[in-house]
Amino acid sequence: MEHISNAVPFGMNMQGFITGSKLHLRPLEMTDIDRGYYHWFNDPEITRYMFRGAFPVTRESAIDFLQKSRNSTTMLHFAIVDTETNTHIGCCSLEDIDWINRVAESNIIIGEKGFHGRGYGKEAKYILARHGFQTLNLHRIFVSLHADNIAERRANEWVGFQVEGTLRQAMFKDGQYHDRIIMSILP
């Protein structure tokens, strides 16, 4: 992360738990559930490259997930909010946190389509990784992505993630098996 250490301001304030230049991360709230959250996971355009989409996400299952994540010691789940409009545009998380080996998996979704391709995903990945390294003392953060998801791969590379390898035909989507790429970043 050294090469972009000053690329995005980083801090915590009352507006969001973690702030960046154009977005902030805050805890997901119950009111977010009905404002688009679970609908994003049912939209084939949004879930095109995700491991989700095979089973519908209901309001009740989204509420259950939120409640479980609030009490989890192995997951941090945040709402991504556009600071200018205060619009909840997506979510990101550190999951399966292994406190002994200091490893976590990073996931992200930009659910509001009007915010796609505008750098929000990159910035959210960056400030989430900084939080993981500087606050949680993680040593390795990794992502697993659909091999055809070029936009996410480029965003990960911008943050400093490097390709570790390919899991051949490890994802079944749209009637076909696809490769998954594993990328990681160290502090």
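Tutor: A residue is buried under 20% relative accessible area, exposed over 50%, and partly exposed in between, with a 1.4 Å probe and protein chains only. Asn137, at 48% relative accessibility, therefore counts as partly exposed. This is a predicted model in which local features need pLDDT of at least 70 and side-chain atom pairs count only at pLDDT 80 or more, while totals for chains, interfaces and linings use all residues. Residues are numbered from 1 along each chain as its sequence is written, and side-chain values use heavy atoms, with hydrogens and water left out.

Student: How is a nonpolar core to be read, and which residues have the most contacts inside the largest one?

Tutor: In soluble globular proteins, nonpolar side chains tend to be buried together. A nonpolar core is a set of buried Ala, Val, Leu, Ile, Met, Phe, Trp, Tyr and Cys residues joined through side-chain atoms within 4.5 Å. Here the largest has 29 residues, and those with the most contacts inside it are Leu23, Leu25, Ile80, Leu94, Leu138, Ile141 and Phe161. Its largest share, seven residues, is given by α3. Another core, of 16 residues, lies apart from it, and includes Leu28, Met50, Val57 and Cys91.

Student: How is α3 itself described, and what does Leu23 touch?

Tutor: The expected span of a helix is 1.5 Å times one less than its number of residues. With 15 residues, α3 reaches 21 Å from first to last C-alpha, close to the 21 Å expected; 13 of its 15 residues are buried. Contact means heavy atoms within 4.5 Å. Not counting residues up to four places away in sequence, Leu23 touches Ile80, Val81, Thr83, Tyr120, Glu123, Ala124 and Ile127.

Student: How is a pocket found, and how much space lies in the largest pocket?

Tutor: Rolling a probe the size of a water molecule over the atoms shows where empty space is left. On a 1 Å grid over the protein atoms alone, a 1.4 Å probe is fitted; a pocket is an open set of points with protein on both sides within 12 Å along at least five of seven lines, and lining residues have an atom within 4 Å of a point. Points are joined across faces, edges and corners, and a volume is the space filled by probe spheres set on them. The largest pocket holds about 1,100 Å³. Among its 41 lining residues, Ile108, Ile109, Ile110, Asn149 and Glu152 are closest to the centre, and β5 gives the largest share of the lining, six residues.

Student: How much space lies in the second largest pocket?

Tutor: About 160 Å³ lies there, and its lining includes Pro44, Arg48, Phe51, Met171 and Asp174.

Key. Helices (H or I, at least four residues) and strands (E, at least two) are DSSP runs, numbered from the N terminus.
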